[in-house]
Amino acid sequence: MNEDDIYRASTQYRLWSFTPEKLAALRSSTNALATERVKAAKKRVRLARAQQLSSEKSAPSGDVDANTPKNGGGTAEDGNEVIDCLTVEEELKIIAYYCQQCLSIGPAEPHPMPSSVVGSAIQFIKRFYLSNSPMTYHPKDVMIAALFLVTKTDNFYIGLDKYVDKINTITGNKKMTREKVLAPEFLLTQALRFTFDVKHPFKGIRGAYYEMLAMIRGKYALLPFDERTPDQVAEQFIDLSDAKSKAATEARLSKAYNTAQETLNFSALLTDAYLLYTPPQIYLAALLLADEPLTLLFLDAKIPSSAPLKPKLLATLRACANVLTSINAHDVDRADLVRIDKKLHLCRNPEKKNLVNLNKAQKRDELVEGKLDDNVAKKRRMEREKNEREGDALFGGALPAATKTK
Amino acid sequence: MEDSPQEPSTAAVDPTIDLSEQLNIETRNKYVKGKEIGSGTYAFVYKGHLRDEPNTLVAIKKMKVMENYKDGLTMDAVRETKYLQELSHPNIIKLYDVFTSKDTNMNLVLEFLPRGDLEQLIHDTGNVRYNSADTKAWMGMVARGIWFCHENFVLHRDLKPNNLLIAADGEVKLADFGLARSFSEPHLAMSTEVITRWYRPPELFYRARQYSGAVDIWSVGCIFAELILRNAFLPGQTDIDQVEVICQRIGTPTEENWPGVSKLASYVPVAKDKVRPVQPKSYYMQLFGTVGPFGVDLLMSMFTLDPRKRVTAKGILDHEYWAKDPRPTDKENLPKKGGGEKKMGEDLKRKGGVLEEGKADKVARKIDFGAMKK
């Protein structure tokens with residue numbers, strides 16, 4: 001058993017690694033399905049509302065058109081709302097925005113989270129949206145739940161109260177509640193297929209750094225294929241620096257290491273790198289971007305130049321490097337994000353909007369008591385009914401056909 | 001069996017169900033939940049089988065919603081699921097599937113291990129007899145299991161005889177990963193409130209906030225000793241007493257045998273005249289001689305006070321002990337004990353890291369050293 005065998009047994013490899021084509025196909029089918037469902041759900045809600053109104057007025061036939069929302073994006077001739085749904089690209093942009101939010105919220109005071117923990121949260125979000133669409137579940141809700149879930153999966157447990165306090169302190173308002181954090185937790189764990197392990201390149205790159213340091217210092221135990229002496233290897237490294245000194249080369253290594261780490265803490269997390277490449281491929285690609293000659297020398301001591309694997313590896317690393325450079329910290333198009341957010345507001349699945357209530361409904365022990373204003377009561381009723389529909393499907397209950405799905 | 005799904009997968013038609021929810025329903029429908037074989041404060045355990053293959057048995061561990069825990073999924077459930085999803089090895093309990101039932105409780109579908117646990121075999125001195133070849137076979141399986149965990153950078157942190165379950169074919173499997181975690185980033189502190197007291201190494205009592213696989217190795221040593229003695233070797237009554245028992249039977253940790261120990265947060269300096277020397281090999285030979293001098297060497301290397309010098313899981317597997325006579329017993333021929341199904345239920349429902357109720361009082365405080373001399 002070697003490291004490769006271990007990696008191939010991991011859920012990261014078995015469930016969460018894709019070819020670029022497979023990844024694109026997955027996202028496009030998720031988007032298509034969500035679009036279809038948003039349209040169907042909106043239609044159900046509209047019909048239910050129309051029906052309710054017509055029965056309240058006790059009018060024999062409801063005027064459906066009159067009851068469609070005024071701001072719903074227009075109404076077609078046949079009474080069907082025209083719903084402008086998000087494209088895959090728009091979905092990715094809005095998801096990326098909230099992943100980036102993790103990078104500012106996670107490490108911020110109070111209770112700053114280490115970067116590998118935040119990195120896991122981001123991967124949870126990215127994995128979640130392979131089978132779900134932002135139109136169904138808003139990335140903001142999922143982000144908040146994912147950042148809390150990682151505190152439990154990645155040994156950074158601070159408890160829910162402290163977490164809620166963290167979020168409210170950072171956002172400067174008191175809007176976050178325990179219920180809102182927990183509401184999507186089950187959806188999230190389900191979509192993650194109950195796998196919580198994320199393998200990161202952070203430890204690997206540290207190993208590479210120390211190995212290169214040993215190479216520069218002539219203290220690296222060379223692999224059997226290597227015919228050079230440790231001193232010869234050191235010389236080759238030292239030749240890289242302009243000053244041709246050990247100190248200058250070590251400084252160059254530190255610089256490359258820091259640059260590569262920045263890449264790992266940003267681009268690697270926000271791009272599709274984790275879904276497409278292994279952790280060593282990711283950190284080697286980050287090093288390659290930071291200092292190519294240095295990284296190539298490092299690889300010379302790892303794999304003989306004559307090995308057929310070598311060109312293949314380099315091609316993979318360059319492809320991974322391309323993915324890593326596909327994002328830039330400064331090129332956020334805020335105007336475009338605002339546009340997408342507005343669009344998302346109009347095409348959200350109305351049946352999945354209120355996760356807190358959905359979650360409560362799912363627990364089935366909720367007692368609706370006291371006076372509720374009409375809106376809340378209506379919402380609750382819809383959730384209950386939806387719940388019953390689900391219950392029927394799941395457990396084959398003998399409830400009479402629900403009226404609103406007519 | 002209130003949430004045993006009686007319907008085959010008919011839910012595909014519901015347009016409001018998410019893909020992942022759909023997958024969850026399909027997973028749940030793969031199994032039929034049978035009778036309850038254990039129930040505790042932490043989980044219910046059911047016997048179950050594959051719907052399509054009634055002869056393929058499974059254990060279904062359903063996590064309870066905790067009364068006093070309101071932070072969503074519990075840490076134990078998260079940890080156990082996280083690590084068992086990654087670890088696939090003959091000496092680690094297999095996690096086949098995970099699904100949620102309608103009340104959003106997590107259900108772990110686990111390998112069915114009907115032959116009880118090592119603790120039962122160890123303590124049933126009236127009915128179960130075993131020899132040093134059997135002990136070697138069991139220890140080999142435990143060592144391979146923990147080696148695989150460490151190779152995957154996972155610390156078990158609750159190894160003890162009743163977390164070592166026995167499969168129908170005699171294979172021993174590490175179970176209960178409710179306290180497991182991955183090796184820490186070097187600068188992050190870890191909890192010292194792990195591992196059941198009798199199996200907990202000295203560094204945890206001294207609150208070392210960074211530790212390694214060595215904590216599990218100490219537990220393996222305690223298990224090895226318990227297999228030979230047929231009694232717990234280090235049964236402390238309280239945490240403070242436990243340290244005293246370790247000093248007595250293993251030796252007092254000092255700067256000489258463990259450089260740096262005095263810097264650990266809860267280390268209490270011991271007066272020179274109170275220091276007990278590390279026990280010599282002759283002492284171990286007297287107590288544990290049945291496993292031979294190589295077995296004793298191995299045991300002593302697991303009880304090395306300084307965790308940095310303690311043998312590693314790899315070191316255990318490379319030890320000469322395995323190559324010497326007797327050959328370990330083939331797993332099919334190992335002594336067995338019936339009625340393990342119930343025991344599996346009992347073992348899986350427990351909360352990690354604690355001794356079973358009343359056990360500390362019942363087990364003899366002192367081992368009768370005289371009786372063990374041959």
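How many salt bridges are there between chain B and chain A? The count is three, where a salt bridge means a side-chain nitrogen of Lys or Arg within 4 Å of a carboxyl oxygen of Asp or Glu. One pairs Asp154(A) with Lys82(B), at 3.6 Å from N to O.

Some ground rules: this is a predicted model, with local features needing pLDDT of at least 70 and side-chain atom pairs pLDDT 80 or more, while totals for chains, interfaces and linings use all residues. Residues are numbered from 1 along each chain as its sequence is written, chains are lettered from A in the order in which they are written, and side-chain values use heavy atoms, without hydrogens and water.

| Interface | Residues in contact | Buried area |
|---|---|---|
| chain B and chain A | 45 residues from chain B, 51 residues from chain A | about 4200 Å² |
| domain 1 and domain 2 of chain B | 26 residues from domain 1, 30 residues from domain 2 | about 2400 Å² |

Contact means heavy atoms within 4.5 Å, and buried area is the accessible area (1.4 Å probe) that two parts lose on being put together, summed over both.

One salt bridge crosses between the domains. Glu111(B) and Lys173(B) form a salt bridge too, with their closest N and O atoms 2.8 Å apart.
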